[in-house]
Amino acid sequence: MKNPRKRLQVALLLFIFALMPAFLVLSGHCAAQSIANPRMRGMSSMQEYHSHPQARQNVTSLAAGEVGGPTFTFVSIDVPYASATFATGINAHGAVVGIYYDTAGNEHGFLLKDHNFLTIDVPGSLVGVSGMLQTEANGINDMGEIVGDYFAPPGAPGAPACTAESPAFSPQCRRGFLYRGSQFSDVLVPGKKGSIPNAISPDGTIYGCDHDDDYFTSMVGFGRTRFDTYITLDAGGGELTNPTESVLGSMNNGATPDGSIIVGLYVDPPDLSGQNRGYIVHDGKFHSYDVPGSTATQIWGINSAADFVGLYDDTNGNEHGFLQRWGAATPITIDVPSGPPFNATLTDAFAINPAGAIVGLYIDAGENFHGYLAVRQRHDE
């Protein structure tokens, strides 16, 4: 397998997101730029998960204008014997899901719950083939329901858009799944070839993006209720109150439990030259969001308090995670420590639970990918 970092950079990064009313800027399209981010591949997933208690360090990250920022304890998360690990979702009970690459270059989903590790691999039988499929676990709710995506092999009978002529890991071969009660089922917007579910709410509503043959002009954010009704960011798709408005190259990455606030990322223009930006859909109205002073932003997760997390590039090209509290004037930068034992050179934040625990990934000085858990210290409350 090729170095996952190169995959991340080649894979397009359509992301940014927003959610602070103090800086909402209405926009249906915003200029964007590309960030290197692991969660779009031809993207890969990972499986079992392991946290190293010895890899702990307290760090205070302050945003410009903050009088005091929260202190976090960071814990590394590494799947045993994996070549790379990403932590992508966390629920209110602290269960974590994510992605890892094994030493043969295959990707798997994983669940970490009560210190036990479970591999999440979509069975080939879902699309009429044998074996297990390349799998990514992206989100988990309080009921333990997991969403993610998988890659059908070209020519699989149960994935008609993924023909024998389709390149491996192509958009039309990338499909969404729901894992509920030990059973896998497809998550696919009617009329679309593929999908990438990224989050699932407590009531079972799923948020992600659908697409056809690319991750740009054919890709839009969607929401699917437990009763299989859909909203999308297509014109007339029901997510926006203005039926003529659409947001191409977009991805819904989560929502508050009542669905009144949806966050995500988009690329504008929706092509390889586009810039990554974040967005908030608040009561049906679209607002763009950029970390102040950044050159690109992606928003990946939100909790019940409407606090959201993501990543951004600064003007020097360095990548950081961030936490934006709803209503706060500025975001808080989240950086895994650059000193031992982490030696981090890059940090991304992907999910936040109601207690404020954050998960994501960092890259160390040796170009190795690790998941992490960041927990706020109680004296900050």
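Mentor: Before we start, two strands count as paired if DSSP finds at least two bridges between them. Bear in mind too that this is a predicted model.

Trainee: Fine. Which strands make up the open sheet, and in what order?

Mentor: The order is β12-β13-β14-β15, four strands with antiparallel pairing.

Trainee: Which strands stand at the edges?

Mentor: β12 (194-200) and β15 (230-232) do. Each has a single partner strand, so one side of each is left without a neighbour in the sheet.

Trainee: And by how much are neighbouring strands turned against each other on average?

Mentor: By 25°, with direction ignored.

Trainee: How many bridges are there between β13 and β14?

Mentor: Five, in the antiparallel sense, between β13 (residues 206-211) and β14 (residues 220-224).

Trainee: Cysteines, then. How many disulfides does a search of the whole structure find?

Mentor: One. C162 and C173 form that disulfide, with their sulfur atoms 2.0 Å apart.

Trainee: Where in the chain are C162 and C173?

Mentor: C162 and C173 are each in the loop between β9 (146-151) and β10 (174-180), 11 residues apart.

Trainee: What is the handedness of the disulfide?

Mentor: The torsion about the S-S bond is about 85°, so the disulfide is right-handed.

Trainee: Is C162 buried or exposed?

Mentor: Buried, with a relative accessible area of 1%. C173 counts as buried as well, at 0%. The cut-off for buried is under 20%.

Trainee: Changing topic: why is β18 described as largely enclosed?

Mentor: Seven of the eight residues of β18 (residues 275-282) are buried, so the strand is largely enclosed by the rest of the structure.

Trainee: What does β18 form with β17?

Mentor: A hairpin, with six residues between the two strands. β17 (residues 261-268) and β18 pair in the antiparallel sense over eight bridges. In that pairing, D268 stands opposite Q275 in β18.

Trainee: And how many bridges join β18 to β19?

Mentor: Five, and β18 and β19 (residues 285-289) run antiparallel. There, V281 stands opposite F286 in β19.

Trainee: Which residue takes a positive phi in the hairpin of β18 and β19?

Mentor: D283, with a phi near 50°. That hairpin has two residues between the strands.

Methods
Residues are numbered from 1 along each chain as its sequence is written. This is a predicted model: local features need pLDDT of at least 70, side-chain atom pairs count only at pLDDT 80 or more; totals for chains, interfaces and linings use all residues. Side-chain values use heavy atoms; hydrogens and water are left out. Buried means under 20% relative accessible area, exposed over 50%, partly exposed in between (1.4 Å probe, protein chains only). A disulfide is a pair of cysteine sulfur atoms within 2.5 Å. Axes are lines fitted to C-alpha atoms, for helices over the stretch in contact, and angles run from 0 to 180 degrees between N-to-C directions.
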